Amino acid sequence: SVKSSSNALSVAREGLAALHETLEFIPAAGESGVKLQDAMGGANGSKFHTGSFKGSGAAKLLEVPLAGSVLSGSDLNTKIDQWVEYGCLEADAAAAIKAVNNDPSKASLKGHCFVLIGAGSEMGPFRTLMQMGATVVGTGTGRASRWTRVFDMVRDTPGELLFPLSQPQADMTEQQLTEAAGCDLTEDVPELLKWITEEALKFANVTVGCYVYMDGEAHVRAALAMDLVVTGLVAEGKTRGKNVSVAYLGSPATCYPIPSECRDAMEKAKDEVPFWQKLILAKPNMLDPEGDVCLANGLAVVQGPNYALAKTMQMWRAILLREDKIVVSTPMAPACRTASMTSSATMSAFLDGQAHFKPLVSFDSATASPLLAAMLLHDIFWPDSITHPSKTLPNPNSIFALKGFHGGLWRCAWSPESIGGVMAVLGKVWKYHPEGL
């Protein structure tokens, strides 16, 4: 499909159709499953009420925490150049981040609503959007501790968060709000779509972002639920004359095209690796390296088939939306030290050891999140963005080769699957992170 545009679109359409037709929605325990479209059309109203939490702080420029300091302005631009030089961030991604950093006022947030499915995601743009004064319709699971953390991210900002409540807000205390807030994405998706639609489409411009991660097969169900929200909101937005855009985070643990200069960098890296790396029987980080398409293979057994399916599902939807002239933001996100990653001893060791294979770098989520948020803003508010649907791409899959914040994977000599074990061992006995990065 990376060599044929028609094949790429056919694969995406048929893959998503198979998922939507095969999987069923079970309204309640013990009830029979129903077709997804029947379930989504059967919700006459929403069981949710709307909660509001407004911050009281002043707007901030783009800020990026790194190693105990906070980078902004020219200092941030300098660090971005260093990341590009090291090989963990592509030049087009750097240019997008700098554009937002240099002129944040161009991201006109007035009259724009961001729907964040998984507002509390460590990698998502929530904190940055709040700091810049955005209005966010955010969802999350019904755990008081999660909503306490989310409210804390809003408190000292000029932003406003709208969120689902199980009962009217009335005179609730903040503690009561945290206890009544939230939803179950996979169980409540018909009612959740109704609620999101009514709140978000009060605005002329809406961006809906998918940021939920779950372990195992739950990730597939969550990805499908997010897909139902996205397609439902886009369709209703068209009916009401609203401008709806869509956001995802690309995953390096999939298979995707990359720029030709990255292939050249991989070949050069193989010639320059330390001698010991040539003894570990590592495999090249490229599929069909002699062909006319540069295809990186990031699939990893440790991530499992459910993760691969869930992220591929989002890639399929992204290219179909863009084909339909919808603005889609899907920058590649690096492997980061998130709670889900570091909760696994194996993955944590993997992150601690990967920098031995230059130019791989693992980032803290607090560092990566605002950088990815800046790329989102650039995709949405800069019409000259290379990812804009008005720009012609050689293949629908080419959108995944743009704005790569890949942590070095696109320029590393070896496939992550073939060196993962060595990385994990090195991470346990010799943690390493390049100084200053």
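## Exposed backbone exceptions

A170 is exposed, with a relative accessible area of 70%, where exposed means over 50% relative accessible area, buried under 20% and partly exposed in between, computed with a 1.4 Å probe on protein chains only. This is a predicted model, in which local features need pLDDT of at least 70 and side-chain atom pairs count only at pLDDT 80 or more, while totals for chains, interfaces and linings use all residues. Residues are numbered from 1 along each chain as its sequence is written, and side-chain values use heavy atoms, with hydrogens and water left out.

A170 lies in the loop between β8 (160-165) and α7 (174-180), and its phi is positive, about 45°, although it is not a glycine.

## Nonpolar cores

A nonpolar core is taken as a set of buried Ala, Val, Leu, Ile, Met, Phe, Trp, Tyr and Cys residues joined through side-chain atoms within 4.5 Å. The largest such core has 82 residues, of which V115, I117, I196, V206, Y256 and I258 touch the most other members. Helix α9 (residues 217-240) gives the most to this core, contributing eleven residues. A second, separate core holds 60 residues, including A93, I97, V136 and A180.

Leaving aside residues up to four places away in sequence, V206 touches H112, C113, V115, A200, L201, L233, N243, V244 and S245, contact meaning heavy atoms within 4.5 Å.

Helix α9 itself has 24 residues and reaches 35 Å from its first C-alpha to its last, close to the 34 Å expected at 1.5 Å a residue, the expected span being 1.5 Å times one less than the number of residues. After α9 comes G241, whose phi is positive, near 75°.

## Two helix pairs

Two packed helices are described by the angle between their axes and the distance between the axes. Axes are lines fitted to C-alpha atoms, for helices over the stretch in contact, and angles run from 0 to 180 degrees between N-to-C directions. Angles under 35 degrees count as roughly parallel, over 145 as roughly antiparallel, 65 to 115 as roughly perpendicular and the rest as oblique. In the classes used below, Ala, Val, Leu, Ile, Met, Phe, Trp, Tyr, Cys and Pro are nonpolar, Asp, Glu, Lys and Arg are charged, and the others, Gly among them, are polar.

| Helix pair | Axis angle | Axis distance |
|---|---|---|
| α3 (residues 73-86) and α4 (residues 91-102) | about 180° | 10 Å apart |
| α13 and α15 (residues 416-429) | roughly 90° | within 7 Å |

The helices α3 and α4 are therefore roughly antiparallel to each other. On the α3 side G73, L76, N77, I80, D81 and V84 meet A94, I97, K98, N101 and N102 of α4, and by class this contact has five nonpolar, four polar and two charged residues.

For the second pair, whose axes cross at roughly 90°, α13 is roughly perpendicular to α15. Here A345, T346, A349, F350, D352 and G353 of α13 are in contact with P416, G420, M423, A424, L426, G427 and K428 of α15, and the contact has seven nonpolar, four polar and two charged residues.

Seven of the nine residues of α13 are buried, so α13 is largely enclosed by the rest of the structure. Those buried residues are M347, S348, A349, F350, L351, D352 and G353, and what covers them includes β14 (336-337), α12 (339-342) and α15.

## Individual helix residues

T128, in helix α5 (residues 126-131), is buried, with a relative accessible area of 6%. Apart from residues up to four places away in sequence, T128 touches L62, P370 and A373. By contrast, D38 in helix α2 (residues 36-41) is exposed, with a relative accessible area of 54%.

Note on methods. Helices (H or I, at least four residues) and strands (E, at least two) are DSSP runs, numbered from the N terminus.
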